[in-house]
Amino acid sequence: MNKNNPHSKKLVEYLDGNLSADEIEEFEKTINEDGDLKKELVLTGRVIDAIEGHAFKQMLMKIHDQHFGSTGDQGKHSEPS
């Protein structure tokens, strides 16, 4: 995220769903008029998705460890004998 961009805070609020209907309409108009902001929106969304995906994977690994033992082998599965 570009901290020098005056829209950066609004961009995160938009992605998090924390804007009112009027703010969404206004911000989407701004996005459509600013190609660089649109690119930043896409990239920031991808970063957030990756972070959330990693956190979800970590949570699943913890649950697996609690119920089935350690995932120290990083998820490799061995064939039953």
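Modeller: Thr-44 sits in helix α3, which spans residues 35-68. A helix here is a DSSP run of H or I with at least four residues, a strand is a run of E with at least two, and both are numbered from the N terminus. This is a predicted model, in which local features need pLDDT of at least 70 and side-chain atom pairs count only at pLDDT 80 or more, while totals for chains, interfaces and linings use all residues. Residues are numbered from 1 along each chain as its sequence is written, and side-chain values use heavy atoms, with hydrogens and water left out.

Thr-44 counts as buried because its relative accessibility is 10%. Buried means under 20% relative accessible area, exposed means over 50%, and partly exposed lies in between, with a 1.4 Å probe and protein chains only. Leaving aside residues up to four places away in sequence, Thr-44 touches Leu-11 and Leu-15. Contact means heavy atoms within 4.5 Å.

The structure has one aromatic pair. Tyr-14 and Phe-27 form this pair, and it is tilted because the ring centres are 5.3 Å apart and the planes stand at 50°. Rings of Phe, Tyr and Trp (its six-membered ring) pair if their centres lie within 6.5 Å; planes under 30 degrees apart count as stacked, over 60 as edge-to-face and the rest as tilted. Phe-27 is buried, at 3% relative accessibility, whereas Tyr-14 is partly exposed, at 22%.

Helix α2 covers residues 21-33 and also contains Thr-30. Not counting residues up to four places away in sequence, Thr-30 touches His-7 and Leu-37. The C-alpha atoms of Thr-30 and His-7 are separated by 9.2 Å, and these residues are 23 apart along the chain.

Now the whole chain. It has three helices and zero strands, in the order α-α-α along the sequence. Of its 81 residues, 16% count as buried. Among contacts with a separation of 6 or more, 38% come from residues 24 or more positions apart. The accessible surface of the chain is about 6700 Å², and 53% of this belongs to carbon and sulfur atoms. Accessible areas come from the Shrake-Rupley method with a 1.4 Å probe, and for residues only the protein chains shown count as cover.
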